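Me: Can you walk me through this protein? Keep it simple, please.

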Amino acid sequence: YLVKKVLDCLFNICAYISITLLSKDMSVSEVRPISKILYSLAIIIILIFFIFLFVFEAKLFFKIKTSPRSIYIAAILNIFLIVLMAFSSINYLIYFLFPSSYLIPVGLSFPEVCFEFVYYTFNLMITFGETSICATSVLAKTTQMLEIAFFYIAIGICINGLISRMHGQK
């Protein structure tokens, strides 16, 4: 089970990397209207996929009855990574399609921009603090609110699972 959780974490990271690499050599001006529609659909599909994955992992988390603590920690980290990578992907795709949705520092290389969106999402979920990226559009700000809501839901699921496990073990 622990190996599966590690592979799940790697899958989430690889999904983000592949999403960003698809747009590496394109600028928004090169994207045709049909491609914008496809990228917009990709955002929706990614969100639906990660919600499905999140629900699936949460259900698995509650099914774990007697396991070492390391498996609980791996499950919690995987749920956290699902939320982190899903919203990093969505934020990046929003930025790719609508560059004015975010203010980012000028002169960043492609890998730095990709990392900035992971850092932005991580920082938003954990500290709700300021980063070098600032959401400026309604779509980007709505995504921020969804990120925070999903993070609280994930925390609630994890705390609920741990409390129910503690009461079940007594």
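**Inside and outside of the chain**

Me: What does Phe 54 touch, leaving aside its neighbours within four places in sequence?
Reply: Phe 54 is in contact with Ile 79, Ile 82, Val 83, Phe 150, Ile 153, Ala 154 and Ile 157, with neighbours within four places left aside. Keep in mind that this is a predicted model.

Me: How many residues are in the largest nonpolar core, and which have the most contacts inside it?
Reply: That core has 36 residues. Phe 54, Tyr 102 and Phe 117 have the most contacts inside it.

Me: Which helices each supply at least two residues of this core?
Reply: Helix H1 (2–22), helix H2 (33–63), helix H3 (69–97), helix H4 (110–126) and helix H5 (138–169) do. The largest share comes from H3, with 14 residues.

Me: Back up a bit. How many helices and strands does the chain have?
Reply: The chain has 5 helices and 2 strands. Along the sequence, the pattern reads α-α-α-β-α-β-α.

Me: And what share of the residues counts as buried?
Reply: Of the 170 residues, 40% count as buried.

Me: Where is Ser 88 found?
Reply: Ser 88 is found in helix H3.

Me: Why does Ser 88 count as buried?
Reply: Its relative accessibility is 0%. Buried means under 20%, so Ser 88 counts as buried.

Me: What does Ser 88 touch, not counting residues up to four places away in sequence?
Reply: Ser 88 touches Tyr 16, Phe 117, Val 118 and Thr 121, once residues up to four places away are not counted. Phe 117 is also among the core residues with the most contacts inside the core.

Me: Now rings. How many aromatic pairs are there in the whole structure?
Reply: A search of the whole structure finds 11 aromatic pairs. One of them joins Tyr 92 and Phe 110. That pair is edge-to-face, at 6.4 Å centre to centre and 80° between the planes.

Me: Where do Tyr 92 and Phe 110 sit?
Reply: Tyr 92 is in helix H3 and Phe 110 is in helix H4. They are 18 residues apart, and the pair links distant parts of the chain.

Me: Are those two buried or exposed?
Reply: Tyr 92 is buried, with a relative accessible area of 4%. Phe 110 has 21% relative accessibility, so Phe 110 counts as partly exposed. The cut-off for buried is under 20%.

Me: What kind of pair do Phe 117 and Tyr 120 form?
Reply: Phe 117 and Tyr 120 form an edge-to-face pair, with 6.4 Å centre to centre and 80° between the planes. Both lie in helix H4, 3 residues apart, which is about one turn of the helix.

Me: Which residues do ring pairs link into a cluster?
Reply: Tyr 92, Tyr 95, Tyr 102, Phe 110, Phe 117 and Tyr 120 are linked into a cluster by ring pairs.

Me: Which residues make the nonpolar surface patch of about 590 Å²?
Reply: Ile 37, Leu 38, Leu 41, Ile 44, Ile 45 and Ile 48 make it.

Me: What about Ile 48, buried or exposed?
Reply: Ile 48 is exposed, with a relative accessible area of 53%. Ile 48 is found in helix H2.

Notes
Residues are numbered from 1 along each chain as its sequence is written. This is a predicted model: local features need pLDDT of at least 70, side-chain atom pairs count only at pLDDT 80 or more; totals for chains, interfaces and linings use all residues. Side-chain values use heavy atoms; hydrogens and water are left out. A nonpolar core is a set of buried Ala, Val, Leu, Ile, Met, Phe, Trp, Tyr and Cys residues joined through side-chain atoms within 4.5 Å. Buried means under 20% relative accessible area, exposed over 50%, partly exposed in between (1.4 Å probe, protein chains only). Helices (H or I, at least four residues) and strands (E, at least two) are DSSP runs, numbered from the N terminus. Contact means heavy atoms within 4.5 Å. Patches are made of residues with over 30% relative accessible area and no salt bridge: like charges are joined within 9 Å, nonpolar side chains (Val, Leu, Ile, Met, Phe, Trp, Tyr) within 5 Å. Accessible areas come from the Shrake-Rupley method with a 1.4 Å probe; for residues, only the protein chains shown count as cover. A salt bridge is a side-chain nitrogen of Lys or Arg within 4 Å of a carboxyl oxygen of Asp or Glu. Rings of Phe, Tyr and Trp (its six-membered ring) pair if their centres lie within 6.5 Å; planes under 30 degrees apart count as stacked, over 60 as edge-to-face and the rest as tilted.
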